[in-house]
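Hi everyone, thanks for coming. Let's take a look at today's model together.

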Amino acid sequence: MDPLFAYRTVRLIRRFEERLVELKADGLIQGSMHLCNGQEAIPVGACASLKPHDALTVTYRGHGWAIARGLALDQLFAELQGRASELSGGLGGSPYFCSARHGFLGENSIVGAGVPIAMGAALASRFDGSNSVSLVAIGDGALNQGAVHEALNMAGTMRLPLLVVVENNVYSELTPVRDMIATPTLVERASIYGMASETVDGNDVDAVEGAVLRAVDQARNGDGPSLIEAHTERLVGHYDLDPQHYRPSGEVEDAMTREPVRRLREVVGDAEGNRIDAEIEQALDAALAASRQVPPPTPAMVTENLYA
Ligand SMILES: Cc1ncc(C[n+]2csc(CCOP(=O)(O)OP(=O)(O)O)c2C)c(N)n1
Ligand SMILES: [Mg+2]
């Protein structure tokens with residue numbers, strides 16, 4: 001991947017979320033936010049290997065996926081501020097971005113619930129002639145959910161074009177992954193469902209892009225589903241108010257030496273880096289100003305999109 005593009009996108013995601021923290025402190029965002037700070041290379045690498053007609057389903061930690069997929073910044077800001085955006089009309093907020101037009105089937109705050117949805121999209125591709133693939137991002141903890149295993153079993157048995165990207169950030173809320181599974185890795189679960197698998201450095205955009213592309217090619221050739229375990233670390237709490245008392249001292253500082261924004265900054269250098277940083281701030285300022293023009297939801301919207 002072009003390093004300038006990679007730096008611009010991971011840095012944009014980082015700065016977008018840092019702006020959200022400021023907006024929340026100013027009382028403009030309600031509710032909790034699950035930031036992907038530190039994990040940005042996974043959505044950037046993965047989305048680079050998808051086509052516009054492919055389906056994407058993610059978790060509540062999905063701001064980075066939405067940006068990497070190309071959803072408009074002003075609409076994301078509007079949704080977060082409870083304004084009637086083109087996404088979820090301001091009724092969803094941080095964990096419920098959704099844009100059918102972008103093949104973005106949505107975030108989901110129910111742990112693991114995206115996998116059966118994504119499996120359904122992969123099944124649809126079998127019948128609609130699109131040869132699209134369906135990628136779902138989940139956390140390490142989600143891989144212990146029952147519904148996830150039902151969906152993986154069906155995808156494996158039917159050889160569906162499903163890609164599961166596990167964002168292994170070492171924690172499920174406050175619980176370390178090593179306390180939750182009986183095997184040394186998560187990725188070895190793939191074989192019991194007949195899925196191909198790969199483990200990658202999730203802080204390396206190129207490594208993620210390559211692994212996802214191999215899985216995409218396999219899925220489009222009719223050779224079935226894959227599971228990719230991407231190792232990463234979150235540099236912030238599970239959610240924005242998490243005091244992180246369960247993390248050993250020095251852990252976050254150590255993770256900072258490996259995190260993707262810093263890594264790519266070293267590749268592009270300060271001259272290009274500063275130029276890109278300035279462009280990003282301008283783009284965020286403009287998107288934020290535009291988001292404030294989006295009206296609030298109307299009372300009638302509460303009952304729209306409901307089945308009677
Ligand atoms: C079905 C369900 N069970 C429990 C929760 C509470 N919960 C919210 S986030 C979370 C941790 C999930 O960890 P992981 O899958 O590793 O994702 P991460 O938050 O680390 O990205 C839990 C248990 C939930 N939202 N949904
Ligand atoms: Mg996790």
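So, the space that ligand 1 takes up is the largest pocket. By pocket I mean, on a 1 Å grid over the protein atoms alone, an open set of points where a 1.4 Å probe fits, with protein on both sides within 12 Å along at least five of seven lines; a molecule sits in one if more than half of its atoms lie within 2 Å of its grid points.

Quick housekeeping: this is a predicted model, where local features need pLDDT of at least 70 and side-chain atom pairs pLDDT 80 or more, while totals for chains, interfaces and linings use all residues. Residues are numbered from 1 along each chain, chains are lettered from A and ligands numbered from 1, as written, and side-chain values use heavy atoms, without hydrogens or water.

Who surrounds ligand 1? There are 15 residues, with Tyr60, Arg61, Gly141, Asn169 and Tyr171 the closest (near means a heavy atom within 4 Å).

Now the polar contacts, pairs of N or O atoms within 3.5 Å. Asn169 puts a polar side-chain atom 2.9 Å from a ligand 1 oxygen, and a polar backbone atom of Ala142 is also 2.9 Å from an oxygen of ligand 1. For Ser172, a side-chain N or O atom is 3.1 Å from a ligand 1 oxygen.

Zooming out, the C-alpha atoms fill a box of roughly 55 × 50 × 40 Å.

Definitions and conventions. A polar contact is a pair of N or O atoms within 3.5 Å; within protein, one must be able to donate a hydrogen and the other to accept it, and residues adjacent in sequence count only if both atoms are side-chain atoms. On a 1 Å grid over the protein atoms alone, a cavity is a set of points where a 1.4 Å probe fits but cannot get out, and a pocket is an open set with protein on both sides within 12 Å along at least five of seven lines; lining residues have an atom within 4 Å of a point.
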